Amino acid sequence: MKKILEVKNLKVHFELSSGLFKPKKVVHAVDGIDFEVFEGETLGIVGESGCGKSSLARALCGLNKITSGSALFNGIDLAKASAKQWDEVHKQMQFIFQDPVAALDPRMTVAEIIAEPLVTLYPNMKQTEVMAKVFSTMKLVGLSQNQVNRYPQEFSGGQCQRIGIARALILEPKVLICDESVSALDVSIKAQIINLLQELQQKLKLTILFISHDLGVIKHICNRILVMYLGNIMELGAKKTIYSDPLHPYTKALLSAVPVANPELEKAKVIQLLEGELPSPVNPPHGCVFHTRCPLASEACSQSRPADKTVREHSVSCFKVN
Amino acid sequence: MTAKKIPLLDVRNLTVEFKVQDGLVRAVNGLSFKVYDGDIIGIVGESGSGKSQSMLAIMGLLAGNGKISGSVKFMGQELVGISTAKLNKIRGDKMAMIFQDPMTSLNPYLKISSQMTEVLMLHKNMSYKDALAESIKMLDRVKIPDAKNRVHLYPHEFSGGMRQRVMIAMSLLTKPKLLIADEPTTALDVTVQAQILELLRDLRKEFGMTIIFITHDMGVVANLCDRVNVMYGGWLMETAAIQIIFKNPIHPYTQALLATIPSLDHDVDKLKTIPGEPPNLLQLPAGCPFQERCSQVSAACTQNIPLRRVENRHVVKCANSNGVAL
């Protein structure tokens with residue numbers, strides 16, 4: 001399989017505004033992570049709020065600045081890319097947002113919204129050609145052509161998300177980054193959009209980075225899964241083994257906390273409740289970032305950060321896993 | 001929990017309507033159900049199904065343009081049409097409600113201590129000192145660490161999960177018989193959600209509380225509830241014990257809803273979907289609101305459809321179901 005994206009020691013930090021004499025505070029949103037994305041796969045990124053999954057996704061799209069490290073995409077290092085290079089990147093990598101209604105400009109018609117990336121990145125394209133592409137993309141995502149002159153507020157949430165997907169696909173990108181793209185939708189609409197994304201992936205040979213806190217959805221559409229906690233990768237592995245044989249104590253706790261729509265399984269389940277709260281990313285704990293809440297933590301865990309090791313085909317970052 | 005007992009909450013033919021610019025929105029349509037002492041009832045449905053509005057109506061918290069008809073009996077007392085003063089004696093004391101976003105329910109300008117003691121000083125005529133001691137005890141009970149000092153903090157100094165615990169503690173101060181929880185864990189992470197659900201389960205055991213839990217997550221229902229009401233387009237579509245709903249759902253909407261959920265316990269290649277979109281409440285079709293999306297639709301669906309009892313305490317509102325009309 002061909003690598004399409006290679007991330008090495010990537011950090012995304014945010015400086016908090018501070019007074020003249022106060023020490024500078026830094027939010028360590030993403031704190032040194034390594035992973036690769038292969039062509040045609042769906043990589044799921046899971047974790048709770050504040051784990052850095054969205055900061056990571058936005059950094060890969062140029063919406064956040066990369067603080068240090070590298071992210072190689074098609075020979076371009078995103079950490080050092082020029083504005084011109086970003087234009088090239090955006091032709092091949094597009095973003096779908098969480099709130100479909102907020103992501104669309106209420107003063108633009110559907111045609112203007114969907115055509116915008118094309119008009120911006122290919123300014124010399126003829127108007128008739130642009131409209132032909134708008135129509136074909138609308139058809140692709142299941143919107144009808146006679147809706148082209150309507151405004152976003154005339155559409156339901158599910159349809160707005162289709163518009164958002166059309167806008168991302170009109171450039172014929174290779175990679176889609178979906179940040180909680182189905183989380184705001186109702187159950188019956190969610191299933192429609194998930195199926196649409198899967199169909200499009202097969203048809204267009206897309207690579208998808210799918211970010212979600214919903215482990216059921218992630219399990220359904222991803223090939224590999226990356227588990228994040230407080231800016232670090234805890235575990236990375238194939239979907240099947242992550243769910244059936246989680247190794248990292250955090251992955252185990254996370255999976256056991258998800259309620260399953262089956263009363264018998266729920267009654268029988270032993271939930272590993274995590275004690276306490278997520279530490280602040282301004283002062284992440286020394287050593288393993290999870291050690292303050294980990295049931296297995298020992299002295300060594302607070303001393304140094306565990307290196308990634310490969311156990312039963314997972315990459316896992318934990319001293320306690322052999 | 002025999003059927004002869006007087007229900008704690010008896011809702012009959014509850015209808016909630018809103019006058020808006022474009023016409024009349026019927027958010028809840030002829031809702032009837034009973035809640036018995038000690039039960040945890042789940043109410044599930046998508047946006048616009050009427051799950052929240054029906055509960056707000058029961059609490060007398062509808063927006064100004066809302067109109068309510070039907071009957072809501074709580075501990076034998078009719079709540080529809082009684083004065084606000086009388087209602088204020090009941091809500092906050094015998095029944096309490098918690099909401100999805102605790103930050104919008106807490107006053108950001110007041111310390112937790114003054115917000116919590118106010119409840120007890122008002123409903124129980126306690127002195128500030130006693131009320132404060134009681135508040136700290138309750139915060140301890142919902143596992144807020146260092147409650148003695150943290151009671152004097154402001155809401156923004158707590159995390160989301162902790163704020164929801166504060167809300168729960170506040171609603172429990174008067175030991176209400178009925179707690180209505182409107183998506184209290186939807187905005188929380190799964191690990192925090194697991195903590196809160198565990199807490200609610202413990203509190204029910206300890207205080208013998210009855211809980212109505214509004215959610216859109218069937219997993220949470222399976223985890224926490226004894227019974228579930230499935231709502232759609234303002235209608236109660238089906239109600240039964242959870243063992244029955246998950247194994248033998250009768251209403252096509254319940255069946256479809258369960259089939260669309262991507263689950264952790266089994267794999268499918270392609271998710272089942274419900275075609276179309278939730279109905280526009282301004283233009284509901286005659287008869288069943290689900291008919292346009294239903295796979296088993298028939299001519300009878302446009303008629304008036306009665307609630308039918310399939311078996312004991314399993315009630316369905318579908319033209320094509322069997323059972324005894326109620």
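H7(B) and H8(B) are roughly parallel to each other, a label for angles under 35 degrees. Helix H7 covers residues 160-172 of chain B and helix H8 residues 190-207 of chain B; they pack at about 15° with axes 10 Å apart. The model is predicted: local features need pLDDT of at least 70, side-chain atom pairs count only at pLDDT 80 or more, and totals for chains, interfaces and linings use all residues. Residues are numbered from 1 along each chain as its sequence is written, while chains are lettered from A and ligands numbered from 1 in the order in which they are written.

**Helix pair H7(B) and H8(B)**
- Axes are lines fitted to C-alpha atoms, for helices over the stretch in contact, and angles run from 0 to 180 degrees between N-to-C directions.
- H7(B) and H8(B) make a right-handed crossing (the near helix is turned clockwise from the far one by less than a right angle).
- From H7(B), B:Gly161, B:Gln164, B:Ile168 and B:Leu172 meet B:Val192, B:Gln195, B:Ile196, B:Leu199, B:Leu203 and B:Phe207 of H8(B).
- Contact requires C-beta atoms, placed from the backbone, within 7 Å.
- Seven nonpolar and three polar residues make up this contact, with no charged ones.
- Ala, Val, Leu, Ile, Met, Phe, Trp, Tyr, Cys and Pro count as nonpolar, Asp, Glu, Lys and Arg as charged, and the others, Gly among them, as polar.

**Helix pair H3(A) and H5(A)**
- H3 (residues 110-121) and H5 (residues 157-169) of chain A have axes that come within 7 Å and cross at roughly 30°.
- This crossing is right-handed.
- A:Val110, A:Ile113, A:Ile114, A:Glu116 and A:Pro117 of H3(A) meet A:Ile163, A:Ala166 and A:Arg167 of H5(A).
- Six of these contact residues are nonpolar, two are charged and none is polar.

**Strand S3(B)**
- Five of the five residues of S3 (residues 40-44) of chain B are buried, so the strand is largely enclosed by the rest of the structure.
- Buried means 20 or more other C-beta atoms within 10 Å of the residue's own, with C-beta atoms placed from the backbone.
- B:Ile40, B:Gly42 and B:Val44 point one way from S3(B), and B:Ile41 and B:Ile43 the other way.
- S3(B) runs parallel to S8 (residues 210-215) of chain B, joined by five bridges; B:Val44 has B:Thr215 as its bridge partner there.
- Four bridges pair S3(B) with S9 (residues 227-232) of chain B, also in the parallel sense.
- In S9(B), B:Arg227 is the bridge partner of B:Ile41.

**Chain A to chain B**
- The contact takes 33 residues from chain A and 36 residues from chain B.
- H6(A) gives the most to the chain A side, with six residues.
- That side has 18 nonpolar, ten polar and five charged residues.

Methods: Two residues are in contact if their C-beta atoms, placed from the backbone, lie within 7 Å. Helices (H or I, at least four residues) and strands (E, at least two) are DSSP runs, numbered from the N terminus. Angles under 35 degrees count as roughly parallel, over 145 as roughly antiparallel, 65 to 115 as roughly perpendicular and the rest as oblique. A residue is buried if 20 or more other C-beta atoms lie within 10 Å of its own, exposed if 12 or fewer, and partly exposed in between; C-beta atoms are placed from the backbone. Two strands pair if DSSP finds at least two bridges between them.
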